[in-house]
Amino acid sequence: MSDRLSFHVQRDSFLHRLNPLTKLTLAFALVVVAFVLPFYWTPIFVLFAVIVPLSVSGKIFREFSWAALRLILPAVGFLFVMQALFQPIGEQVVFKFYFLDATTESVAYAFRNAARIFVMISAFTLFLLSTHPSELMSDLTRRGLPSQFSYVVISTLQIIPQMQAKANAIIAAQRSRGLDTESSFLKRAGALGPLVGPLVFGSLVEVEERAIAIEARGFTSKRAKTSLYEIADSKFESVLRWSLVALVVLSIGLNLWHS
Amino acid sequence: MFDKIKSNFNTQTWVLIPIAIAINIAIGQIVGLLKLPVFLDSIGTVLVAALCGPWAGALTGTLSNLIWGVTMDPNALPWWPVAFMIGYMAGRMAEWGFFKSWWKIVVTGFVIAITAAIVSTPISVYLYGGITSSGSSFITAYLMQTGTDMVAAVFSTNFLVEPVDKIITAMLAFSIILGLPKRIVGGYPKSEQAQVEGGNTQQQLYIAVGVIVVLILLAIFVISKITGG
């Protein structure tokens, strides 16, 4: 098990060298465009003309397609099937299953929705694959985000795997002394207490100690902190970010004007 | 305004938040492992909200949703406003004194559930067209097939599913606070909100059960109004 929870893959590429904020803006812009531009094929276009080429240029195409196939496709596929069957729109029935029917309209509707969700998830997957979480947080802190937020995000990412390991240990320990975690509903519900209790109380007792420890290291100090790493940012990227914002505004405007 | 928000946060709050987020996620996974028909993925959020205040609770909810989304299940991402409101509402209820005895906890859980149902309805309607990838969408789909309009169908599904989950969540958070030593609870900004009122706990639990029954009847009544009318 890795000591920190993150998708990040270290490569040397154009995409990895971009400033984290630029990549974040890009991900948000792609999502908004995919959702609001009033053309049917927009999400598919965004996916194949922007996201896939970016993943290739970022040298993370293999990881990206793995995530797309293993994580995104099943969820989106399920959504597609549900929507195609259950949306009560359209007349032309193409497929019938008991009281459920898929019409050409509902299939088209489901396809567009699924494509939008696919774009949303894959844009963020791309962002997470190419950006290290602490890089993002230190860049945001440098731009004025209170440093407590970085503490919360970074330490959460460290605590979760520890907590999961602890939870697994507790489950194994309670099972070994005979706790029933697999039979009837009441037995399983009753098992919740002995599993959750030790985990929660154990970690809450640590809080005070941690608080004293970080207090002693100047956590609440108001002074500007110096950073060990410099994160590159250029004039070009700032222009890029603002043009992405403009693109978002433009597509929202087009959506309003079109409808 | 800013002073109010700031009053939720001291160093202990900042340390508690990551742990609460991890508790949300770990308990969510244990519950999934036990195959119980609830989520219970906001116990940590309610805990922070009760001990530190609404804004700290809202922050915990939002961050835990975002972190859950970016590390495990990207499908969770668009639901962060729901988590925000769960934390905020739990904090407000605690501020109003509804975090002091068992029956009040039940009311708190119910209010949180209604808030969550209201906030998640538009997200589910506009983003997913009413049908999400969660299992309870079968109910929504069934209601939509029988001619209920989408918003009503989504809302009544949420209204059916949420209260049980959120009442149990609030009760578990309360029992965690009761179980912690006073010395540890005392360090948080709003710890006096979560102190138990005097009175017989046995009797308290009976009242709590009575309140649950009343709320269930109310819920059935409201849903039949929405879907029937």
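This is a predicted model: local features need pLDDT of at least 70, side-chain atom pairs count only at pLDDT 80 or more; totals for chains, interfaces and linings use all residues.

1. The C-alpha trace of chain B spans about 55 × 45 × 40 Å along its principal axes.

2. Chain B comprises 10 helices and 0 strands. Among its contacts between residues at least 6 apart in sequence, 72% join residues at least 24 apart.

3. As to burial, 59% of the 229 residues of chain B count as buried. The chain exposes about 9,000 Å², of which carbon and sulfur atoms supply 69%.

4. Ser156(B) belongs to helix H8 of chain B, residues 150-179. Ser156(B) counts as buried because its relative accessibility is 0%, under the 20% cut-off. A polar atom of its side chain lies 2.5 Å from the backbone oxygen of Ala152(B).

5. Leu217(B), in helix H10 (residues 201-228) of chain B, counts as exposed because its relative accessibility is 56%, over the 50% cut-off. Together with Val209(B), Val213(B), Ile216(B) and Ile220(B), Leu217(B) makes a nonpolar surface patch of about 470 Å².

6. In chain A, helix H7 (residues 147-176) contains Asn168(A). At 48% relative accessibility, Asn168(A) counts as partly exposed. Asn168(A) is 18 residues from Leu186(A) in sequence, and their C-alpha atoms are 21 Å apart in space.

Technical notes
Residues are numbered from 1 along each chain as its sequence is written. Chains are lettered from A and ligands numbered from 1 in the order in which they are written. Side-chain values use heavy atoms; hydrogens and water are left out. Helices (H or I, at least four residues) and strands (E, at least two) are DSSP runs, numbered from the N terminus. Buried means under 20% relative accessible area, exposed over 50%, partly exposed in between (1.4 Å probe, protein chains only). A polar contact is a pair of N or O atoms within 3.5 Å; within protein, one must be able to donate a hydrogen and the other to accept it, and residues adjacent in sequence count only if both atoms are side-chain atoms. Patches are made of residues with over 30% relative accessible area and no salt bridge: like charges are joined within 9 Å, nonpolar side chains (Val, Leu, Ile, Met, Phe, Trp, Tyr) within 5 Å. Accessible areas come from the Shrake-Rupley method with a 1.4 Å probe; for residues, only the protein chains shown count as cover. A salt bridge is a side-chain nitrogen of Lys or Arg within 4 Å of a carboxyl oxygen of Asp or Glu. Contact means heavy atoms within 4.5 Å.
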